[in-house]
Amino acid sequence: QVQLVESGGGLVQAGGSLRLSCAASGRTFSNYAVGWFRQAPGKEREFVAAISRSGSTTYYPDSVKGRFTISTNNAKNTVYLQMNSLKPEDTAVYYCAAVWTISSGYYFTDKSVYNYWGQGTQVTVSS
């Protein structure tokens, strides 16, 4: 079992930045691939970023590529999502998720793959 807790959300103006954190307890993050997802009201939960368990591979959809960066600090058992140049359409509840994997270089974009989820943190970007 691994427990995930997100933090770092808040209200920011368009063009601003936020850094979300996802802290894990119960197991070490180094054995898990991690993803960030977001869900806006009335919309499906969508993929935002993913990182392999080794931290060597990352992936982003076009909607956030070049603006968001996912990274990991295994010493702190924490995964981060640095979000720059934020837009009003980035407003959503952001969730981190984890899945145990034996493959060090794999990442996952499909939310159905992940079996551990945090409670979410609200990000609101004002125009």
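Trainee: What makes Gln82, Met83, Asn84, Ser85, Leu86, Lys87 and Asp90 contacts of Arg67?

Mentor: Contact means heavy atoms within 4.5 Å, and Arg67 reaches these residues when its neighbours within four places in sequence are left aside. This is a predicted model: local features need pLDDT of at least 70, side-chain atom pairs count only at pLDDT 80 or more, and totals for chains, interfaces and linings use all residues. Residues are numbered from 1 along each chain as its sequence is written, and side-chain values use heavy atoms, with hydrogens and water left out.

Trainee: Why is Arg67 called buried?

Mentor: Buried means under 20% relative accessible area, exposed over 50%, and partly exposed in between (1.4 Å probe, protein chains only). Arg67 has 10% relative accessibility and therefore counts as buried.

Trainee: What makes the pair Arg38 and Asp90 a salt bridge?

Mentor: The term requires a side-chain nitrogen of Lys or Arg within 4 Å of a carboxyl oxygen of Asp or Glu. For Arg38 and Asp90 the N to O distance is 2.8 Å, so the pair qualifies. Asp90 is buried, at 0% relative accessibility, and Arg38 is buried at 7%.

Trainee: How are Lys65 and Asp62 classified?

Mentor: Lys65 is partly exposed at 47% relative accessibility, whereas Asp62 is exposed at 66%. Their side chains meet in a salt bridge at 3.4 Å, N to O.
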